[in-house]
Amino acid sequence: MTSRIPRDSRLRLVRPRPLAAAPRAVNQRRPRRPAPRPPEGTPAPSELARMARTGLAGAVRVARWADAALGPGSGAATADGKATLSDATAERAAADLGLTAAQVRADWDTARLAGLVEVHGDSARPGWRLRAWDRDDSAVLRGWVALFDAWSLASPEPEDHEPATVAEVVSAMPQVLSFLQLSAGPVPVEQLLDLLQQRVTELRTERCEISYASGAAGSAGLAEQLRPAEPAPADDAPLAPLLDWAVHALASVGALTRGDGDVTLTPLGSWAVWVKLEQICVAAQSPAGNIEQSAEDMLRGCAQLRPNAARAEYRAWLAARTVGSAVGELIHAARGEDALLRGLAFEALRVVGAPAEPDVRAVLDEPALRPYALLWLAEHDGVDAEDAHEVLTREEATWLWVDTAAAVADHGETEMLVRHLEAAVQPTVPTLLDEVRAVGHPRTVQVLVALAAAHPDPALAKAVRRAAFQVHTGG
């Protein structure tokens, strides 16, 4: 019995679904790591958020002033029309808020580090956390953790110390903070200084180079060559002033307090250090074992996971890398020929969040990545995921439809490819085929051939095969 559906049958207009939301294999149940509990005595998240709001009240006030006074369409914008904190803008903010210009600049810097404002070149705009500040405790806590992560930028570095030594102290401070967190109380500064000196010595030992001088003979000579050079003593450059600087910077962001000869983590600081330790544990216990893989191999390993499991894997993989290198790897994987990896790479970039924005914006000129980047940026700017596709032009939406179809054809099931027709923006099959042919996607022929082979309607399949032939022959 043949179908009587006319070949220009209308497609149902539905919102496109992310490929990662498609059904996956069913045998993916893995034992879940129980949700970690913070140390006993840690305040509830709502109380921690209240503390963070109190500590960042000045930064929020300046950010909201900038949003109102310098935002798009404001009649009181700066002379150059840009939302930058120029000298004139700082003076104006100080007058409006009853502060000094120095206080305004300090609060502005804090707002930037906490993600309350986002600076793009010589212009700025409110961050999404500012929009959610009064209603979303998790956004507040994430903003405070972002400030905590940037503690070394909160106070100027000492000018009378070598940058390499300052960098060593910054690298050593996580161990000092962990010791403070485990101590759960005041710790003498002298004890912290001893710990800092030990950690700096370890860092110098770890990077010592092994001599490979030629012409060595005998096991004794070889053993002597392989022995690491003695590290420079950690007290060659006194570390006490640098510890004072680090304590002052951490205190300025609200992570600790300094008493008479001792240092204590605040409840927020203790909670943040615990969060960081948990992130290290997650990185060490990658749910699917992909933590040491390249971005491409990690994404392939996540292809058969359900969305929540895939996001957990992305977080573990990201936690083991610096943000810059991780984003670069994901973008590189997205540029490959596998359309599935392209979609998954941008799903992983959603987990990265705001730090990935400059790199995502940088690929807007690449046709293969532009639709994905536009959707990512729309969602990052607060557009609902269900409505984000509206930022695409008809041509961009068609390109994305073909790219997703290529991923389904390569990795999905036949039924998924047939259902993918419903995600097209075109109202009829002939219109879809015309625009698919015009968009020039390199996988157009393969997609159309696969769709023709999968579709149960002979009339529609014939029309799709004809379109594939015409694209193949240039007709």
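The model is predicted, so local features need pLDDT of at least 70 and side-chain atom pairs count only at pLDDT 80 or more, while totals for chains, interfaces and linings use all residues. Residues are numbered from 1 along each chain as its sequence is written, and side-chain values use heavy atoms, with hydrogens and water left out.

The chain contains 22 helices and 5 strands; helices (H or I, at least four residues) and strands (E, at least two) are DSSP runs numbered from the N terminus. Of its 475 residues, 43% are buried, where buried means under 20% relative accessible area, exposed over 50% and partly exposed in between (1.4 Å probe, protein chains only). Among contacts (heavy atoms within 4.5 Å) with a separation of 6 or more, 67% are between residues 24 or more positions apart.

Two packed helices are described by the angle between their axes and the distance between the axes. Axes are lines fitted to C-alpha atoms, for helices over the stretch in contact, and angles run from 0 to 180 degrees between N-to-C directions. Helix α3 (residues 87-97) packs against helix α4 (residues 101-113) at about 105 degrees, with the axes 8 Å apart. The two helices α3 and α4 are therefore roughly perpendicular (angles of 65 to 115 degrees; under 35 is roughly parallel, over 145 roughly antiparallel and the rest oblique). Asp87, Ala90, Glu91, Ala93 and Ala94 of α3 meet Ala101, Val104 and Arg105 of α4. By class, this contact of α3 with α4 has 5 nonpolar, no polar and 3 charged residues; Ala, Val, Leu, Ile, Met, Phe, Trp, Tyr, Cys and Pro count as nonpolar, Asp, Glu, Lys and Arg as charged, and the others, Gly among them, as polar.

Helix α12 (residues 295-302) and α15 cross at roughly 95 degrees, their axes coming within 10 Å. Glu296, Leu299 and Arg300 of α12 make this contact with Leu341, Leu344, Ala345 and Ala348 of α15.

Rings of Phe, Tyr and Trp (its six-membered ring) pair if their centres lie within 6.5 Å; planes under 30 degrees apart count as stacked, over 60 as edge-to-face and the rest as tilted. By this rule there are 3 aromatic pairs. In one of them, the ring centres of Trp151 and Trp245 are 5.5 Å apart and the planes are at 50 degrees, so the pair is tilted. Trp151 lies in the loop between α6 (137-149) and α7 (163-183), and Trp245 in helix α10 (residues 240-252), 94 residues apart. Both Trp151 and Trp245 are buried. Phe346 and Tyr372 form a stacked pair, 5.5 Å centre to centre with 25 degrees between the planes.

Val263, in strand β5 (residues 262-265), is buried, with a relative accessible area of 0%. Not counting residues up to four places away in sequence, Val263 touches residues including Leu180, Val187, Leu192 and Val247. Ala184, in the loop between α7 and β3 (187-188), is exposed at 71% relative accessibility. Most residues other than glycine have a negative phi. Ala184, not a glycine, has a positive phi of about 55 degrees.
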